[in-house]
Amino acid sequence: MALTAEEKRKYAQIAKELRMTIIDVMLWSGGAHVGGSLSIVEILTMLYFKHLNIDPKDPDNEDRDRFILSKGHAAAGYIPALAKRGYFPEEELKSFNHFRSPFAMHPDSKKIIGCDASAGSLGHGLSMAVGLGLAAKQLKKDWKTVCLMGDGECCEGSIWEAAMSAAHFKLGNVIGIVDRNKFMIDGTTEQVMALEPFADKWRSFGWKVLDIDGNDLDAVDEALTEAWKATDVPTLILANTIKGKGVSFMENKVMYHYASADSAICEQAKEEIMKGGE
Ligand SMILES: Cc1ncc(C[n+]2csc(CCOP(=O)(O)OP(=O)(O)O)c2C)c(N)n1
């Protein structure tokens with residue numbers, strides 16, 4: 001069922017707040033992977049506030065759904081989403097990237113409540129997701145594993161080994177999402193290592209592909225709803241997004257892959273986010 005107008009308002013407000021917190025984190029931490037954190041806001045919002053079966057009061061529940069941020073450098077988007085969902089106070093985000101803080105440039109599952117997998121070295125998340133999917137299947141459990149990857153990350157051969165395994169083992173309980181923002185660290189994916197025809201590549205590895213606008217709450221919601229129904233074919237949500245989404249001077253700018261900014265620039269960015277969609 002499509003989102004009601006009220007639901008849409010609610011999730012849009014969460015997405016807006018999350019974007020503003022990403023900018024705050026960039027300031028507090030002295031720098032952040034801001035572009036690829038802003039691009040995944042709608043995906044994190046719909047996962048953490050609707051689709052994932054999780055309980056911040058019982059973060060280790062064996063039957064919970066699992067989420068792996070394989071593009072671990074987007075911790076500045078992911079960790080604030082966990083805070084907003086209630087795993088720990090948002091106030092704690094002020095320590096981001098400081099000495100002895102649990103929150104660093106990449107997520108550490110041993111230090112962050114609600115974080116299912118450490119990440120940062122690209123290319124590993126989908127293999128972990130396959131392991132979790134196999135475990136759920138063997139244990140006859142219903143929980144899902146969602147793995148969010150970067151498109152540039154898909155240059156890693158290990159992604160394709162994992163993709164092949166997920167189809168071979170008929171892991172309908174594994175949902176892959178690729179943040180197709182079309183940029184990587186130092187250029188566009190098509191300049192650095194061409195991915196197209198990207199959807200066909202996933203299909204040829206045995207995945208069902210849902211090609212969507214990944215910054216559209218309705219489209220993300222619909223795709224997740226469909227993916228959740230899969231039984232023996234893994235689903236890949238090809239989420240077409242904008243790197244730096246919501247801040248005009250960051251959108252599609254390779255220099256905002258990782259950046260620091262002073263408080264004046266951060267205020268300007270937050271003002272734009274606040275006005276966005278009005
Ligand atoms: C194995 C590995 N090699 C290199 C890096 C450095 N690195 C960090 S982010 C990044 C670009 C990744 O591009 P993409 O997955 O498209 O990320 P996004 O544009 O969504 O931020 C690279 C190469 C890394 N983290 N891990």
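Below are some quick questions and answers on this predicted model.

Q: How far is an oxygen atom of the ligand from an N or O atom in the side chain of K243?
A: Let's work through the polar contacts, which are N or O pairs within 3.5 Å. A polar backbone atom of G152 sits 2.8 Å from a ligand oxygen, and for a backbone N or O atom of E153 the distance to a ligand oxygen is 2.9 Å. K243 uses its side chain instead, and there the distance to a ligand oxygen is 2.6 Å.

Q: What share of the ligand's exposed area does the protein bury?
A: The space that the ligand takes is the second largest pocket. On its own, the ligand would expose 590 Å². Of that area, the protein buries 78%.

Q: What is the handedness of the crossover from β4 to β5?
A: Strands β4 (residues 208-213) and β5 (residues 235-240) run parallel and are joined by 6 bridges. In that pairing, V209 has L236 of β5 as its bridge partner. Between the strands the chain passes through helix α9 (residues 217-228), and this β-α-β crossover is right-handed.

Q: Which residue is joined to P197 by a cis peptide bond?
A: Most peptide bonds are trans. P197 is in the loop between α7 (189-192) and α8 (198-204). Omega is about 0° for the cis bond that joins P197 to E196.

Q: What is the phi of R100?
A: Most residues other than glycine have a negative phi. R100 lies in the loop between α4 (75-85) and α5 (125-138). Though not a glycine, R100 has a positive phi, about 70°.

Conventions
Residues are numbered from 1 along each chain as its sequence is written. This is a predicted model: local features need pLDDT of at least 70, side-chain atom pairs count only at pLDDT 80 or more; totals for chains, interfaces and linings use all residues. Side-chain values use heavy atoms; hydrogens and water are left out. Two strands pair if DSSP finds at least two bridges between them. Helices (H or I, at least four residues) and strands (E, at least two) are DSSP runs, numbered from the N terminus. A crossover is right-handed if, with the strands pointing away from the viewer, the path from the first strand over the helix to the second runs clockwise. A polar contact is a pair of N or O atoms within 3.5 Å; within protein, one must be able to donate a hydrogen and the other to accept it, and residues adjacent in sequence count only if both atoms are side-chain atoms. Accessible areas come from the Shrake-Rupley method with a 1.4 Å probe; for residues, only the protein chains shown count as cover. On a 1 Å grid over the protein atoms alone, a cavity is a set of points where a 1.4 Å probe fits but cannot get out, and a pocket is an open set with protein on both sides within 12 Å along at least five of seven lines; lining residues have an atom within 4 Å of a point. A molecule sits in a cavity or pocket if more than half of its atoms lie within 2 Å of its grid points.
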